[in-house]
Amino acid sequence: MKKTFQLSLTILTFFIILELGVLGNMQQGRQCYTNIPNKSGKCVPAECEAACTKMHKVSASICLPPGKCRCYYFCS
C-alpha cells in the first residue's frame with residue numbers, strides 16, 4: 001500500500017510541474033496596451049497607426065472615443 005501511494009504522489013507531482021510550465025509559457029504572449037496622447041484631441045486612424053508602429057514594431061492601433069488612440073502590443 002505504501003509503494004502505491006508513493007508512486008501516485010510522484011506521478012501527481014510530475015503532472016503539476018508539467019502543467020505549471022505550460023501555463024507559464026502561455027502567459028508570456030500576453031497583450032498590453034498604451035494610450036497614445038494627441039494634442040488636437042482628435043484621433044486620426046493613420047496617425048494613430050503610425051505612432052503605434054513607431055513605438056512597437058508588431059502592434060495594432062484603434063481610435064476610441066473621445067479621441068483616444070490605443071496601441072496594442074505583445075508584452076515581453
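Let's start with a pair of strands: E1, residues 31-36, and E3, residues 68-74, run antiparallel to each other and are joined by six bridges. If you want a spot to look at in that pairing, find isoleucine 36, which sits opposite cysteine 69 of E3. Before I go on, please keep in mind that this is a predicted model.

E3 has another partner as well. Strand E2, residues 59-64, pairs with E3 over six bridges, again in the antiparallel sense. Here you can pick out serine 61, which faces cysteine 71 in E3, and isoleucine 62, which faces arginine 70 in E3. E2 and E3 form a hairpin with three residues between the strands, and glycine 67 there has a positive phi near 75 degrees.

A bit of background for those new to this: strands of a sheet pair through backbone hydrogen bonds, and they can be parallel or antiparallel.

Now put the pieces together. What is the order of the three strands in the open sheet? The order is E1-E3-E2, with antiparallel pairing. E1 and E2 are at the edges and have a single partner strand each, so one side of each has no neighbour in the sheet. From one strand to the next, the twist averages 25 degrees. Packed on this sheet is helix H2, residues 45-55, which touches E1, E2 and E3, and its direction makes about 145 degrees with that of E2.

Let's step back to the whole chain for a moment. There are two helices and three strands, and along the sequence they come in the pattern α-β-α-β-β. Of the contacts with a separation of 6 or more, 46% are between residues 24 or more positions apart.

Is proline 45 buried or exposed? Proline 45 counts as exposed, because its relative accessibility is 56% and the cut-off for exposed is over 50%. Proline 45 is also 17 residues from isoleucine 62 in sequence, while their C-alpha atoms are 6.9 Å apart in space.

What about the inside? In soluble globular proteins, nonpolar side chains tend to be buried together. Which residues form the largest nonpolar core here? There are six of them: Ile36, Cys43, Cys48, Cys52, Cys69 and Cys71. H2 and E3 are the elements that give two or more residues to this core.

Cysteine 71 deserves a look of its own. Leaving out its neighbours within four places in sequence, cysteine 71 has contacts that include Cys32, Tyr33, Thr34 and Ile36, and also Cys52, His56, Ser59, Ala60 and Ser61.

Finally, the surface. Buried residues are 13% of the 76 in the chain. The accessible surface is about 6600 Å², and carbon and sulfur atoms hold 65% of that.

Note on methods
Residues are numbered from 1 along each chain as its sequence is written. This is a predicted model: local features need pLDDT of at least 70, side-chain atom pairs count only at pLDDT 80 or more; totals for chains, interfaces and linings use all residues. Side-chain values use heavy atoms; hydrogens and water are left out. Helices (H or I, at least four residues) and strands (E, at least two) are DSSP runs, numbered from the N terminus. Buried means under 20% relative accessible area, exposed over 50%, partly exposed in between (1.4 Å probe, protein chains only). Contact means heavy atoms within 4.5 Å. Accessible areas come from the Shrake-Rupley method with a 1.4 Å probe; for residues, only the protein chains shown count as cover. Two strands pair if DSSP finds at least two bridges between them. Axes are lines fitted to C-alpha atoms, for helices over the stretch in contact, and angles run from 0 to 180 degrees between N-to-C directions. A nonpolar core is a set of buried Ala, Val, Leu, Ile, Met, Phe, Trp, Tyr and Cys residues joined through side-chain atoms within 4.5 Å.
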